[in-house]
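Reader: I have a model to go through. Can you walk me through some of its local geometry?

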Amino acid sequence: MDEHPIDARTPEEKRADHAGQHPELREHLQPMSWMCTQEAATERPFTGGYCDEKRSGTYACVVCGEALFASDDKYDSGCGWPSFTTPMDDAPVDHRTDSSHGMSRTETTCGSCGAHLGHVFDDGPGPSGERYCINSACLVLEERPDG
Ligand SMILES: [Zn+2]
(Lines give C-alpha, C1' and ligand atoms only; values in the text may rest on other atoms or scores of the structure.)
Protein backbone atom coordinates (compact mmCIF):
# COMPACT_ATOMS: atom_id res chain seq x y z
CA MET A 1 0.00 0.00 0.00
CA ASP A 2 1.52 3.24 -1.10
CA GLU A 3 -0.40 6.23 0.17
CA HIS A 4 1.40 8.55 -2.20
CA PRO A 5 1.97 6.81 -5.53
CA ILE A 6 4.51 8.29 -7.91
CA ASP A 7 3.06 11.39 -9.50
CA ALA A 8 4.93 12.48 -12.59
CA ARG A 9 3.29 15.86 -12.86
CA THR A 10 5.50 18.90 -12.32
CA PRO A 11 4.58 21.29 -9.51
CA GLU A 12 3.31 23.74 -12.12
CA GLU A 13 1.05 21.07 -13.61
CA LYS A 14 -0.24 20.17 -10.14
CA ARG A 15 -0.95 23.83 -9.43
CA ALA A 16 -2.83 24.20 -12.71
CA ASP A 17 -4.85 21.06 -12.02
CA HIS A 18 -5.62 22.19 -8.47
CA ALA A 19 -6.57 25.69 -9.64
CA GLY A 20 -8.86 24.17 -12.25
CA GLN A 21 -10.63 22.17 -9.57
CA HIS A 22 -10.71 25.09 -7.12
CA PRO A 23 -11.41 28.29 -9.06
CA GLU A 24 -12.19 30.08 -5.79
CA LEU A 25 -8.65 29.58 -4.52
CA ARG A 26 -7.37 33.02 -5.41
CA GLU A 27 -10.16 34.70 -3.42
CA HIS A 28 -9.62 32.46 -0.41
CA LEU A 29 -5.88 32.90 -0.12
CA GLN A 30 -4.16 35.94 1.32
CA PRO A 31 -2.26 37.76 -1.45
CA MET A 32 1.10 36.72 0.04
CA SER A 33 -0.03 33.11 0.25
CA TRP A 34 -1.05 33.21 -3.40
CA MET A 35 2.24 34.75 -4.50
CA CYS A 36 4.37 32.32 -2.50
CA THR A 37 2.50 29.11 -3.31
CA GLN A 38 1.49 29.79 -6.90
CA GLU A 39 4.24 32.09 -8.14
CA ALA A 40 7.12 30.80 -5.99
CA ALA A 41 7.65 34.17 -4.37
CA THR A 42 9.49 34.43 -1.06
CA GLU A 43 8.17 36.49 1.81
CA ARG A 44 10.62 38.95 3.30
CA PRO A 45 12.60 37.54 6.25
CA PHE A 46 11.13 38.02 9.72
CA THR A 47 7.77 39.11 8.26
CA GLY A 48 5.98 35.76 8.30
CA GLY A 49 3.43 34.98 10.98
CA TYR A 50 5.01 31.66 11.93
CA CYS A 51 8.63 32.79 12.14
CA ASP A 52 8.59 32.87 15.95
CA GLU A 53 5.61 30.56 16.37
CA LYS A 54 5.97 28.28 19.41
CA ARG A 55 2.55 26.66 19.64
CA SER A 56 2.27 22.92 19.20
CA GLY A 57 0.53 21.45 16.23
CA THR A 58 0.73 20.47 12.62
CA TYR A 59 1.65 22.80 9.79
CA ALA A 60 -0.51 22.09 6.79
CA CYS A 61 -0.34 23.30 3.20
CA VAL A 62 -2.33 26.55 3.06
CA VAL A 63 -3.65 25.58 -0.37
CA CYS A 64 -4.82 21.99 0.03
CA GLY A 65 -4.62 21.29 3.77
CA GLU A 66 -2.21 18.39 3.50
CA ALA A 67 -0.23 17.98 6.76
CA LEU A 68 3.43 18.70 5.97
CA PHE A 69 5.45 19.71 9.03
CA ALA A 70 5.19 19.18 12.78
CA SER A 71 5.90 21.78 15.43
CA ASP A 72 8.20 19.22 17.10
CA ASP A 73 10.55 19.53 14.11
CA LYS A 74 10.48 23.33 14.07
CA TYR A 75 13.50 25.13 15.43
CA ASP A 76 14.81 28.65 15.70
CA SER A 77 17.35 28.95 12.92
CA GLY A 78 17.50 32.74 13.06
CA CYS A 79 17.17 32.88 9.29
CA GLY A 80 13.90 34.78 9.30
CA TRP A 81 11.62 32.00 8.07
CA PRO A 82 10.01 29.05 9.84
CA SER A 83 12.62 26.29 9.81
CA PHE A 84 12.15 22.57 10.20
CA THR A 85 14.65 19.74 10.41
CA THR A 86 12.41 17.41 8.41
CA PRO A 87 8.92 17.07 6.96
CA MET A 88 6.50 14.80 8.80
CA ASP A 89 6.79 11.08 8.11
CA ASP A 90 5.09 10.29 4.81
CA ALA A 91 4.30 13.96 4.18
CA PRO A 92 4.07 14.65 0.45
CA VAL A 93 6.92 17.15 0.17
CA ASP A 94 8.60 17.17 -3.23
CA HIS A 95 12.12 18.38 -3.99
CA ARG A 96 13.74 19.64 -7.15
CA THR A 97 16.74 21.70 -8.13
CA ASP A 98 16.04 25.41 -8.48
CA SER A 99 18.66 27.32 -10.45
CA SER A 100 16.93 30.69 -10.37
CA HIS A 101 18.57 33.85 -9.03
CA GLY A 102 22.02 32.55 -9.94
CA MET A 103 21.99 29.98 -7.13
CA SER A 104 21.62 26.24 -7.07
CA ARG A 105 19.08 25.47 -4.39
CA THR A 106 16.63 22.72 -3.65
CA GLU A 107 13.05 23.89 -3.96
CA THR A 108 10.35 22.17 -1.92
CA THR A 109 6.77 21.95 -3.09
CA CYS A 110 3.60 20.34 -1.82
CA GLY A 111 3.40 16.98 -3.54
CA SER A 112 -0.34 17.07 -3.39
CA CYS A 113 -1.24 20.42 -4.96
CA GLY A 114 2.13 21.65 -6.27
CA ALA A 115 2.26 24.70 -4.00
CA HIS A 116 5.73 26.21 -3.67
CA LEU A 117 6.76 25.98 -0.02
CA GLY A 118 10.36 27.15 0.26
CA HIS A 119 13.84 25.70 0.01
CA VAL A 120 15.92 23.13 1.83
CA PHE A 121 19.50 23.85 2.85
CA ASP A 122 22.18 21.61 4.31
CA ASP A 123 23.03 23.61 7.45
CA GLY A 124 20.39 22.18 9.75
CA PRO A 125 21.10 20.92 13.28
CA GLY A 126 19.49 17.49 13.08
CA PRO A 127 20.97 14.15 12.03
CA SER A 128 19.92 14.78 8.43
CA GLY A 129 21.67 18.15 8.44
CA GLU A 130 18.75 19.61 6.59
CA ARG A 131 17.02 22.93 7.15
CA TYR A 132 13.60 23.24 5.57
CA CYS A 133 13.18 26.98 5.17
CA ILE A 134 9.49 27.48 4.53
CA ASN A 135 7.39 30.59 3.92
CA SER A 136 4.87 31.23 6.69
CA ALA A 137 2.39 32.23 4.01
CA CYS A 138 2.48 28.70 2.57
CA LEU A 139 1.47 27.08 5.86
CA VAL A 140 -1.44 27.05 8.23
CA LEU A 141 -0.93 25.86 11.80
CA GLU A 142 -3.50 23.43 13.07
CA GLU A 143 -2.97 23.87 16.76
CA ARG A 144 -2.80 20.87 19.04
CA PRO A 145 -4.07 21.49 22.55
CA ASP A 146 -1.30 20.67 25.00
CA GLY A 147 -1.98 18.00 27.57
ZN1 LIG B 1 -0.82 21.48 -0.99
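Predicted model: local features only at pLDDT ≥ 70, side-chain atom pairs only at ≥ 80, totals over all residues.

Reader: Which residues of H1 are buried?

Author: Pro-11, Lys-14 and Arg-15, in helix H1 (residues 11-21). Buried means 20 or more other C-beta atoms within 10 Å of the residue's own, exposed means 12 or fewer, and partly exposed is in between, with C-beta atoms placed from the backbone. Helices (H or I, at least four residues) and strands (E, at least two) are DSSP runs, numbered from the N terminus.

Reader: And how do the buried residues of H1 fall, seen down the axis?

Author: Within an arc of 100°, so they line one face of H1; the arc is that of the directions from the helix axis to the C-beta atoms. Glu-13 and Gly-20 are exposed on the other side.

Reader: Switching to Val-93. Why does Val-93 count as buried?

Author: Because Val-93 has 22 C-beta neighbours inside 10 Å. Val-93 is in strand S5 (residues 93-98).

Reader: What stands opposite Phe-69?

Author: Tyr-59, with Phe-69 being in S2. S1 and strand S2 (residues 67-70) pair antiparallel over three bridges; pairing takes at least two DSSP bridges between two strands.

Key: Residues numbered from 1 in each chain as written.
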